[in-house]
Amino acid sequence: MYIGDRVLLRWKQGKLSKRKLTRPLREDGDTVIDNHNIKHAEIIGQESDVRLQKVSKDGLRKLNVFARHPSLDDFTSLSPRRVAPIYATYASAIVSLLDIHAEPPSAENDPETTGGPSFQILEAGTGHGSLTLQLSRAIAAANPPAGKEVRPEPSKKTVYKGGDESDGPIDEPESDALIAWRKQRRAVVHTVDIDPLNRAHADTLIRSFRGAVYWPHINFYAGDVKDWIHQRTTSTDQKPFLDIVILDMPGVEEYISSVVDSMKDGGQLLVFVPQITQIATCVQEIATKDLGLKLQKVVELGDGISNGRLWDVRMATLRNPKMAKGVANDSGSSLEDSAAENQPVEVTSSASTSPSIGTIPPMVCRPLVGELTRGGGFVGLWKRMAGTNSEQVKAS
Ligand SMILES: C[S@@+](CC[C@H](N)C(=O)[O-])C[C@H]1O[C@@H](n2cnc3c(N)ncnc32)[C@H](O)[C@@H]1O
């Protein structure tokens, strides 16, 4: 365990198992637990899962404390937060839905010949950095090994609460080794947060996870994601360059049209929202603006839904064309129910086609299996269809 790491301490108080994440380890630092002082110097340089035996001041009680690298789950839930994180299990389910397969570095994906990283993810917003960490883990194998020489110095700041802690953490000069390594990256996670303090906090947290092992694969930015896209597409004559766009922030539907033209053909758009109705709003936005995105899946993530629950969200097609001017009857029985109920099927959505002029089709919006549970959130996953870039559409 290294200087700068946040380390998990575990001990027992009576029958209670207790856990605490340390501040980033410092040579002269310490962490107090149940009146026992744990000196960071006892942990630095040790392998994970070291036992530190402490004796109480009166010498009568012994406390066995174990120090180890936290799991991603422990790290996300126990680290100081400025915004609610995506819990590690949900973040991991999201990454698995994206089905990312990192190609190891080769001459074929050498950025000197391809003109930049061949696999690029945009995430907005960064928030706690929980999903950022997992995305970075998923792509890390595509890049040359990120050894100690390219890892950052531990940040002097530990948390960003505002006030006098608001000064930039991360404006330290970068090492030549890091600058050179970055040019060799095949894959990168760009993560953008409108709040500079959230950006700073996430950057600092990710530095404190296991010797900053995932930090070099990430570029952090502060600003509005629309401005980020605008800057990237106007400053360089950029062709669509994003393989994956993830929107996890309020009002996601307002941002879809801004990012879509920067997505490669076949690129994936994923939104994570607290309410199923927000997925429905995205479906409508994509259909009415004809954004060329095809809905792949709608999945609910929550406690007790191990792999997520599939939902059917689409613009309904009407069996009776006479009803096209209105909405469904009271029972909703006129809606075309093409997806078999209670079957975990992939949604083939009519939402990728525009509604006919003059009609506002009602939405189908229901779980495909099981009963409704609370908590978690909803994931909508779309794929960019080939030849739907607005420039191409204008030209045709
Ligand atoms: C729910 S949090 C994201 C949680 C995060 N994905 C995680 O894994 O912990 C939403 C974040 O979106 C940011 N945000 C809101 N509007 C934004 C915008 N227009 N551009 C970029 N970030 C934005 C907020 O500052 C906030 O940090």
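I took helices (H or I, at least four residues) and strands (E, at least two) as DSSP runs, numbered from the N terminus. The model is a predicted one, so I kept in mind that local features need pLDDT of at least 70 and side-chain atom pairs count only at pLDDT 80 or more, whereas totals for chains, interfaces and linings use all residues. Residue numbers start from 1 along each chain as its sequence is written.

**Ligand shell.** I found 22 residues around the ligand, the closest being Gly-125, Gly-127, His-128, Leu-131 and Met-249. Helix 4 (130–139) and strand 8 (187–193) each contribute at least two residues to this shell. By class, the shell holds 12 nonpolar, 6 polar and 4 charged residues, where Ala, Val, Leu, Ile, Met, Phe, Trp, Tyr, Cys and Pro are nonpolar, Asp, Glu, Lys and Arg are charged, and the others, Gly among them, are polar.

I treated two strands as paired if DSSP finds at least two bridges between them. Between strand 5 and strand 6 (residues 62–68) I noted 6 antiparallel bridges, and Arg-51 has Phe-66 in strand 6 as its bridge partner.

**Hairpin.** Strand 3 (residues 30–33) and strand 4 (residues 36–39) run antiparallel and are joined by 4 bridges, with Ile-33 partnered by His-36 in strand 4. The hairpin has 2 residues between these strands, and Asp-34 takes a positive phi near 40 degrees there.

Key
Near = placed C-beta within 6 Å.
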